[in-house]
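Please look over the sequence and the model shown here before reading on. The paragraphs after it go from the whole chain to single residues.

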Amino acid sequence: MTDEELIEEIQSGSKAALESLIRKYYYEVYNFIYRRTHQQPLAYDLTQEVFSKVFLSISSYKGEGKFRSWVLTIALNQIRDYMRSKQVTNKSMENEWIEESFEDQKGNVAYLYEKKEESREIIKALGELSDFQSEAIILKYFHGYKYYEIAEMTKTKETTVKSRVFQGLRKLSQILRRHENEGRNQSN
């Protein structure tokens, strides 16, 4: 069934259609939230809250734009609300994400160590970007959204999204180079 057909059935009271819609988008929403928070239990909690909001507001969904974008817009707002309401430390998020990444990888110890170090540096560097830049980069490169889709979700202009991605990538590159140089200087 298409999203529109599922939504019609949900609006008519079908719980099976709601379960199908949740199954269809659950992991994408979870992965998006996880990439922003780097905390597995928190990502599960926020994902549940997103789908609660989807359920409560699905009657107001007008079918403008893709449903997928509408759901991720709710997720994006949920993350922003959480970040504003809590003092989130990058350190705790970084440690959990690195541990998860390390456990998920298969291969030799040297490869795993190298990937762990790369992950640590990228997470640290993403944490130094503005929220708007890191959101745009994550949506573009981790979730494969097009600029216009990100613009719809973030309620900005497409040129603004492109600028955030471009400037964010440039800044990310500078931060990673700086970290690499700092690492070399400390080892000398």
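What follows covers the fold, the surface and a few side chains.

This is a predicted model, in which local features need pLDDT of at least 70, side-chain atom pairs count only at pLDDT 80 or more, and totals for chains, interfaces and linings use all residues. Residues are numbered from 1 along each chain as its sequence is written, and side-chain values use heavy atoms, with hydrogens and water left out.

The protein chain has nine helices and zero strands, where helices (H or I, at least four residues) and strands (E, at least two) are DSSP runs numbered from the N terminus. Its pattern along the sequence reads α-α-α-α-α-α-α-α-α. Taking contact as heavy atoms within 4.5 Å, 63% of the contacts between residues at least 6 apart in sequence join residues at least 24 apart.

Of the 188 residues, 38% are buried (under 20% relative accessible area; exposed is over 50%, partly exposed in between; 1.4 Å probe, protein chains only). The accessible surface is about 11200 Å², and carbon and sulfur atoms account for 50% of that; areas come from the Shrake-Rupley method with a 1.4 Å probe, and for residues only the protein chains shown count as cover.

Helix 9 (residues 158–187) contains Leu169, which is partly exposed at a relative accessible area of 33%. In helix 6 (residues 109–128) lies Ile122, also partly exposed, with 37% relative accessibility. The C-alpha atom of Ile122 is 9.1 Å from that of Ile175, and the two residues are 53 apart along the chain.
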